[in-house]
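Here is a short tour of one protein model. Keep the structure in view as you read.

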Amino acid sequence: MSAIKTAIDELVIANRIVAAEKVCDAFGHVSMRHPENPGRFLLSRGRAPELIEASDIMEFTLEGGTAAGNGKPYLERFIHGAIYESRPDVQAVVHSHSYSVVPFSVIGEKLRPIMHVCATIGPDVPVWDPQVNFGDTDLLVSDMHQGRDLAKALGARTSILMRGHGSTVAGASLREAVYAAVMLEVNANLQLKAQAFGPVTFLTPGEIEKIRARQNKGRPGEGFDRAWQYWLRHAGFPTDE
Ligand SMILES: [Zn+2]
């Protein structure tokens, strides 16, 4: 099987997983860098992740121009292109509006890892506010100026919140990005519950570093891969172990 065919099949599965895990509803999207051309990325035409088929996957330049495929692209494709442009290490990006995360984009309270499996989201999750550089907008990332501003705020991190809107996560692989997107929602939900009872003890930066180092050494059947196999079944696909 060609690298591009394999990549498209995995990207379709990733979209179905983020839908099954309630990270994305009608909105949100998952992309991956083109496996043979780092100056391009793969992303569906504009439709809900749960509905996406291989024939929906299009190819884009990093500036968001259509390079292959047909259909109306997502308005917010610039999120993806700008992050691939600024982060050569990033191979996949998930943008979502998952419901437990959004409160942390508006309350001035930081979203921080609270549970060991959530360390992947990173020790520092900033909030990007388009009001700072663009004034009143519709809050969407609708051109490369806004995409680059978001990518600059993300820096070398994994996750960023977007004020009154949602979040974006970047991974060194498609499986890592999907894992981080799911765990960002899990952590937000847990943190909201825990904070209702008073001050919370978060993971320390050193604990986060050690957990992430172990995850990054995970072999097949461990870490991101074990989660991926579980989510495959949840989303209605056979496991590939
Ligand atoms: Zn959005």
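In strand 3, Phe 60 is the bridge partner of Phe 41. Strand 3 covers residues 57-61 and runs antiparallel to strand 2, with 5 bridges joining them. Helices and strands here are DSSP runs, numbered from the N terminus: helices are H or I with at least four residues, strands are E with at least two. Two strands pair if DSSP finds at least two bridges between them.

This is a predicted model: local features need pLDDT of at least 70, side-chain atom pairs count only at pLDDT 80 or more, and totals for chains, interfaces and linings use all residues. Residues are numbered from 1 along each chain as its sequence is written, and side-chain values use heavy atoms, with hydrogens and water left out.

How many strands form the open sheet, and in what order? There are 8 strands, in the order 4-3-2-1-5-8-7-6, with mixed pairing. Strand 4 (66-68) and strand 6 (127-128) are the edge strands, and each pairs on one side only. Strands of a sheet pair through backbone hydrogen bonds, either parallel or antiparallel.

| Strands | Sense | Bridges |
|---|---|---|
| Strand 1 (residues 29-33) and strand 2 | antiparallel | 3 bridges |
| Strand 2 and strand 3 (residues 57-61) | antiparallel | 5 bridges |
| Strand 1 and strand 5 (residues 92-96) | antiparallel | 4 bridges |

Phe 41 in strand 2 is also the bridge partner of Arg 33. In strand 5, Ala 92 is the bridge partner of Met 32. Strand 2 (residues 40-44) has 4 of its 5 residues buried, so it is largely enclosed by the rest of the structure. Buried means under 20% relative accessible area, exposed over 50%, and partly exposed in between (1.4 Å probe, protein chains only).

A hairpin of 6 residues joins strand 1 to strand 2. Gly 39 sits in the loop between these strands. Is Gly 39 buried, exposed or partly exposed? Its relative accessibility is 33%, so Gly 39 counts as partly exposed. Leaving aside neighbours within four places in sequence, Gly 39 is in contact (heavy atoms within 4.5 Å) with Phe 60, Thr 61 and Leu 62. The C-alpha atoms of Gly 39 and Tyr 84 are separated by 8.2 Å, although the two are 45 residues apart along the chain.

**Helices on the sheet**

Helix 4 (residues 144-154) lies across strand 6, strand 7 (159-162) and strand 8 (166-171). Helix 4 runs at about 130° to strand 7. Helix 5 lies across strand 1, strand 5, strand 7 and strand 8, at about 150° to strand 8. Axes are lines fitted to C-alpha atoms, for helices over the stretch in contact, and angles run from 0 to 180 degrees between N-to-C directions.

**Helix against helix**

The axes of helix 1 (residues 3-20) and helix 5 come within 11 Å and cross at roughly 10°. That makes helix 1 roughly parallel (under 35 degrees) to helix 5. Residues of helix 1 that meet helix 5 include Leu 11 and Val 18. Among their partners in helix 5 are Leu 174 and Val 178.

**Helix 6**

Which residues of helix 6 are buried? They are Ile 208, Ile 211 and Gln 215. These cover an arc of only 70° around the axis, which puts them on the same side of helix 6. The arc is that of the directions from the helix axis to the C-beta atoms. The buried residues pack against helix 5 (174-195) and helix 7 (223-234). On the other side of helix 6, the exposed residues include Pro 205, Glu 209 and Lys 210.

How values were computed. Angles under 35 degrees count as roughly parallel, over 145 as roughly antiparallel, 65 to 115 as roughly perpendicular and the rest as oblique.
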